[in-house]
Amino acid sequence: MTFVIIEDEYLIALHMQRCLESAGHICLGIEAEGDKGIRLVQEKAPEIIILDILLAGMMSGIDVAKEIRKFSKAMIVFTTGYTSCEMLSKLESISESVVFPKPVSLNKLINYIEKLKQNNN
């Protein structure tokens with residue numbers, strides 16, 4: 001499956017990219033800021049968006065997801081170190097999304113993407 005990563009911690013994004021690519025998935029790009037991430041999704045139309053909640057720049061991951069939902073139905077995989085009830089309730093309003101707490105288990109993420117792939121076939 002194709003994916004983009006919107007994550008402001010470069011080493012985390014790079015590690016995630018390498019692991020997902022080694023599992024046979026295709027990375028279409030990485031961005032650290034929300035506005036650039038939105039443009040990346042518009043340009044590349046990935047099947048999956050891996051999106052950190054707290055990003056560099058002016059937009060949060062939740063803001064980015066709301067903007068992306070205006071033009072894309074791609075699955076959004078939120079990654080966050082903050083799993084408060086308030087945060088999780090905000091995420092529930094974003095359709096076609098799931099939350100993976102940090103540190104993200106890449107094995108679980110790969111398994112989740114494999115299930116998505118099977119369901120799309």
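Contact, in these legends, means heavy atoms within 4.5 Å, and helices (H or I, at least four residues) and strands (E, at least two) are DSSP runs numbered from the N terminus. The structure is a predicted model, in which local features need pLDDT of at least 70 and side-chain atom pairs count only at pLDDT 80 or more, while totals for chains, interfaces and linings use all residues. Residues are numbered from 1 along each chain as its sequence is written, and side-chain values use heavy atoms, with hydrogens and water left out.

**View 1. Helix 1 meets helix 5.** His-15, Met-16, Cys-19 and Leu-20 of helix 1 are in contact with Leu-106, Leu-109, Ile-110 and Ile-113 of helix 5. These contact residues divide into seven nonpolar, one polar and no charged, where Ala, Val, Leu, Ile, Met, Phe, Trp, Tyr, Cys and Pro count as nonpolar, Asp, Glu, Lys and Arg as charged, and the others, Gly among them, as polar. Helix 1 (residues 10–22) and helix 5 (residues 106–120) pack at an angle of about 50°, with their axes 10 Å apart; axes are lines fitted to C-alpha atoms, for helices over the stretch in contact, and angles run from 0 to 180 degrees between N-to-C directions. The two helices are therefore oblique to each other, since angles under 35 degrees count as roughly parallel, over 145 as roughly antiparallel, 65 to 115 as roughly perpendicular and the rest as oblique.

**View 2. Helix 2 packs with helix 3.** The angle between helix 2 and helix 3 is about 30°, and their axes lie 10 Å apart, which makes helix 2 roughly parallel to helix 3. Gly-34, Ile-38 and Val-41 in helix 2 meet Val-64, Glu-67 and Ile-68 in helix 3, and the residues of this contact comprise four nonpolar, one polar and one charged.

**View 3. Helix 3 has buried residues.** Within helix 3 (residues 61–68), Gly-61, Ile-62, Val-64, Ala-65 and Ile-68 are buried, a word that means under 20% relative accessible area, whereas exposed means over 50% and partly exposed lies in between (1.4 Å probe, protein chains only). Seen down the axis of helix 3, these buried residues fall within an arc of 160°, so they line one face of the helix; the arc is that of the directions from the helix axis to the C-beta atoms. They pack against strand 1 (2–6), helix 2 (34–44), strand 3 (48–52), strand 4 (75–80) and helix 4 (85–91).

**View 4. Gln-118 is placed in helix 5.** With 58% relative accessibility, Gln-118 counts as exposed.
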